Amino acid sequence: MPPSALIARSLLRSAARPGPARRGLTSGPPQSPVGLGDTAVGLVAVFVSILGPAAWVLGHLNHYKKRE
């Protein structure tokens, strides 16, 4: 059997084997509520990291067109 098949077989075997439930993952309300400031900082960080590069590319689109 090729080595890649042995590796895939061992990975699939461990994934299919039932085991104990993971600890630390619980459902329900949070133990400490998230404040408005934390939410605002998180949203700003997400928007800057996703929309920032896109806005930069769109802002410099004419520069890219002239280079060719």
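Of the 68 residues of the chain, 0% count as buried, where buried means under 20% relative accessible area, exposed over 50%, and partly exposed in between (1.4 Å probe, protein chains only). The accessible surface comes to about 6,700 Å², and carbon and sulfur atoms hold 66% of that area; such areas come from the Shrake-Rupley method with a 1.4 Å probe, and for residues only the protein chains shown count as cover.

The model is predicted, with local features needing pLDDT of at least 70 and side-chain atom pairs counting only at pLDDT 80 or more, while totals for chains, interfaces and linings use all residues. Residues are numbered from 1 along each chain as its sequence is written, and side-chain values use heavy atoms, with hydrogens and water left out. The pLDDT, the predictor's confidence in each residue from 0 to 100, averages 81 over the chain, and 78% of the residues score at least 70.

The secondary structure consists of three helices and zero strands, in the order α-α-α from the N terminus. Here helices (H or I, at least four residues) and strands (E, at least two) are DSSP runs, numbered from the N terminus. Confidence is lowest in helix H1 (residues 3–16), with a mean of 70, and highest in H2, with 94. Where pLDDT is low, the predicted coordinates should not be read in detail.

Helix H2 covers residues 36–59 and includes valine 46. UniProt, in an unreviewed entry, places a "transmembrane region" at residues 40–59; its annotations may be inferred rather than shown by experiment. In the model this span is 100% helix and 0% strand, and its end C-alpha atoms lie 26 Å apart.

Leu43, Val46, Phe47, Ile50 and Leu51 make a nonpolar surface patch of about 480 Å². Valine 46 is partly exposed, at a relative accessible area of 42%.

One aromatic pair is found in the whole structure. Tryptophan 56 and tyrosine 64 form this edge-to-face pair, at 6.5 Å centre to centre and 70° between the planes. Rings of Phe, Tyr and Trp (its six-membered ring) pair if their centres lie within 6.5 Å; planes under 30 degrees apart count as stacked, over 60 as edge-to-face and the rest as tilted.

Key:
Patches are made of residues with over 30% relative accessible area and no salt bridge: like charges are joined within 9 Å, nonpolar side chains (Val, Leu, Ile, Met, Phe, Trp, Tyr) within 5 Å. A salt bridge is a side-chain nitrogen of Lys or Arg within 4 Å of a carboxyl oxygen of Asp or Glu.
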